[in-house]
Amino acid sequence: MRGYPPVARFPFTGVVEMADMRLALVLNAISPAIGGVLVRGEKGTAKSTAVRALAAVLPAVDVVEGCRFSCDPAAPDADCPDGPHAASAPSVTRPARLVELPVGSTEDRLTGSLDVERALTQGITTFQPGLLAGAHRGVLYVDEVNLLHDHLVDLLLDAAALGTNYVERDGVSVRHAARFLLVGTMNPEEGELRPQLLDRFGLTVEVAAPRDVALRAEVVRRRLAFDADPDAFAARFAEEESALADSIRTARELLPSVVLGDAALEQIAAVCAAFDVDGLRADIVTARAAMAHAAWRGSTEVSTEDIREAARLALPHRRRRNPFDAPGLDERQLDDALGSPEPDPEPDPDGPGDGPGEGGESAPSPGQAPGREEGADQPEAGGDQGASGDQGAGGQRIAAPGATFRAKLIEVPGVGTGAAGRRSRAVTETGRTVAARRPVGPVRHVHLVGTIVAAAPHQRARGSHGPGLTLLRDDLREALREGKEGNLVLFVVDASGSMAARARMAAVKGAVLSLLLDAYQRRDKVGLISFRGSTAELLLPPTSSVEAAAARLTTMPTGGRTPLQTGLLEAHAVLARERLRDPQRRPLLVVVTDGRHTSGADPSRAAALLERDGVASVVVDCESGPVRLGMAVTLAEQLGGTCLQLGELAAGDGAAQNLADSVRALRGVA
C-alpha cells in the first residue's frame with residue numbers, strides 16, 4: 001500500500017491560553033500513573049488540537065526491534081507475547097505514538113483478539129494486538145469519550161490504572177504491558193459520563209473559548225498561519241517545543257526522587273475530606289499529581305502549592321453528588337482546607353523556565369503554572385431557577401420539582417438493533433453470544449465453534465489432511481449477540497392549568513426528573529415537549545444531554561387550557577424526523593397528563609397515528625382527588641400502551657407490575 005506523507009501537527013506551545021489543560025497534560029506526561037486527563041469543553045476550543053500536539057513533545061522511546069508491544073530493551077516485559085527478549089536483542093528509537101480510539105471501536109479492536117484467519121487456515125493460535133498494545137509507552141486519545149460504549153470505557157480505564165492489558169477470550173489468554181497517557185475529550189452538550197466512569201479519570205479540566213477580543217483574534221491569526229504554511233508555523237515554535245520536551249524528560253527523571261512527606265500527605269487527606277469526596281482514589285491521584293508538579297518545578301519536595309494545583313485538577317469531577325451537577329471547585333474552600341487564605345499569585349520562579357508565546361499570551365512553557373481563568377465557578381446544570389415556585393414572565397407559574405426517586409425499568413418491547421445502552425433488549429456488537437447463524441453480508445464476528453462444527457464433517461471429502469481446516473464461504477457462522485440498547489425517550493408533559501392545581505406540578509416534575517435520571521443511567525437520548533394554552537412546544541429536541549432536559553424541565557411554566565391533541569401531534573412529528581436521522585434507535589413515548597383535553601380536537605386521531613407507527617407508549621396518570629374520570633386510561637388504550645399512576649413509577653418491593661410486561665401485554669407481544 002502506498003504511504004501518505006505525515007500530516008503536520010499544530011505545535012503544543014502554539015496553543016493560545018488553555019493553561020489548565022496544558023498543565024494537566026504535562027503532569028500526566030511526567031507521571032502516567034496519575035490516570036489520564038478528561039478535557040471537557042464546548043466545541044471548537046482546541047481540545048483535539050492540543051492533545052494531538054502533545055505526542056510531539058514527549059521523549060522518544062527505545063523499543064525492541066520487531067516487538068509488536070513496544071518492549072523497553074532495558075527492561076523487557078517478561079509476559080510479552082512476542083518474548084522472551086534476549087538481553088542483546090537489537091533495539092530502535094522511535095517517537096512516542098499517538099493512538100486514537102474511534103467511538104465505533106469494538107472490544108477486540110481495543111484489547112486484541114485471536115487471529116481468526118491464521119487459526120482457521122493454518123491451525124495456529126496467534127494473538128492479534130489491539131490499540132492498547134499500540135499505545136504502550138505513548139498516548140491513547142479518545143475523542144468524544146462520553147459517546148464511547150460504557151464497557152469499552154471500563155476496559156481502557158482498567159488498563160490505564162493497572163498498566164496491564166488482560167485478554168481472556170476466543171480461547172486466548174494473554175497479558176501484556178499497557179502503560180500509556182490516557183486523554184479523553186468531550187462536549188458536555190452531547191451527554192455526560194456516568195459519575196462512576198468520571199471518577200476513574202485522574203484529572204479533569206474545563207475549557208472554553210476566550211472572551212477577550214485580542215485573544216480570539218490571536219487564535220484565528222495562528223490558525224490561518226498554520227493552514228497557510230504548516231512547516232513555517234511549526235518552525236516558529238521549534239525552540240519552545242524542544243525546551244518543553246527537555247523539561248518533561250528532566251521532570252520524569254527527577255520524579256522518583258520526589259519526597260511526599262507526612263505533613264504534605266496529611267494536607268492532601270485534609271483537602272479530600274473537606275470536599276467530602278467518595279472513596280480514596282482522589283487522595284491517591286492528588287498525591288501523584290502533586291509529586292509530578294513538584295518534579296515539574298524542579299523540586300524534590302512536595303509543597304503546599306503543588307498540592308493546591310493538584311487538587312484543582314483532581315477534585316472537581318469527584319464532588320458530584322447528582323448526575324446533573326456540573327463539576328466545579330470552590331477555590332476559597334480549597335484555600336481554607338490548605339490553611340492558606342490567599343493563593344500564591346505567581347508560579348514558582350525556580351521552575352524549569354519561561355517561554356512567552358506570541359501575541360501577548362503565555363505559551364505552555366516549562367515551569368509556568370496555569371492561570372485560573374478556566375473552569376472556575378461553573379454554574380450547575382438546571383440551577384435553582386424557579387425553585388420557590390415564583391411567577392414567571394406574564395404571570396406564568398413555575399413550580400419547583402418535588403423529591404426524586406429510583407424509577408423502575410420501562411422497556412420497549414421486542415428486540416431492537418439500536419445503539420448500545422441499558423434499557424431494552426437488542427442485538428448488539430457487545431452483548432452475550434446467544435446463537436450462531438449464517439452471515440448476511442460481510443462477517444463481522446465469526447462464531448468459531450459454529451464455523452468449525454459446520455466445516456468438520458466435510459474435511460475428508462475436501463481432501464484436507466491438516467493442520468488447519470479447509471473452509472468454504474458456506475461454512476462461516478456469525479455470532480449473534482444480544483445485549484441492551486439505549487432508546488429515545490420522548491417526554492410529553494401536560495403543563496396546563498389543571499396540572500398546576502393543588503400543587504400537583506411539583507410532584508409531576510419530580511417524577512419526570514426521576515425518569516430523566518433513569519434515562520441518564522441507561523444511556524438514552526431524551527426529548528421534552530410541553531403543551532398548554534393552545535400550543536405545544538418542543539422544549540428540547542432529542543439529545544444525549546439529559547442535563548439540558550433537566551434544566552428545561554425545572555424552568556417549565558404552567559397555566560392555561562389543555563391542548564392534548566396538539567402535544568401528541570408534535571410528538572408524532574418529532575419522532576418522524578428522528579426516525580429519518582436515527583432509524584435504528586427505537587422510541588419510548590412517555591405522556592405525563594391527567595388525560596383532560598380542553599383545547600383543540602379530540603386526541604384520539606393523534607393517538608391513532610402514534611399507535612399505527614408502533615411507538616411504545618406509557619401514560620403517567622396525574623389525576624388526583626376522590627373522583628377520577630379515567631381519561632388517562634382511555635388515552636393509553638388509544639395509544640396501544642399502558643397507564644400507570646404517578647405513584648407507581650418507583651422501583652422496589654410492592655411496586656406495580658413491571659412496565660415492560662404491561663406494554664407487551666397491551667401490544668400483544670409475547
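View 1. The model is predicted: local features need pLDDT of at least 70 and side-chain atom pairs 80 or more, while totals for chains, interfaces and linings use all residues. Residues are numbered from 1 along each chain as its sequence is written, and side-chain values use heavy atoms, without hydrogens and water. R318 forms a salt bridge (Lys or Arg side-chain nitrogen within 4 Å of an Asp or Glu carboxyl oxygen) with D199, the closest N and O atoms being 2.7 Å apart. R318 lies in the loop between α13 and α14, D199 in the loop between α7 and β11, so this pair ties together parts 119 residues apart in sequence. R318 is buried, at 5% relative accessibility. D199 also meets R281 in a salt bridge (2.5 Å, N to O). Because R281 belongs to helix α12, the pair joins parts 82 residues apart in sequence.

View 2. The buried residues include E305, R308 and R312.

View 3. R581 and E578 form a salt bridge, with closest N and O atoms 2.8 Å apart. Three residues apart in α19 (residues 564-581), they are separated by about one helical turn. R581 is exposed (over 50%), at 61% relative accessible area, whereas E578 is buried, at 7%.

Terms used. Buried means under 20% relative accessible area, exposed over 50%, partly exposed in between (1.4 Å probe, protein chains only). Helices (H or I, at least four residues) and strands (E, at least two) are DSSP runs, numbered from the N terminus.
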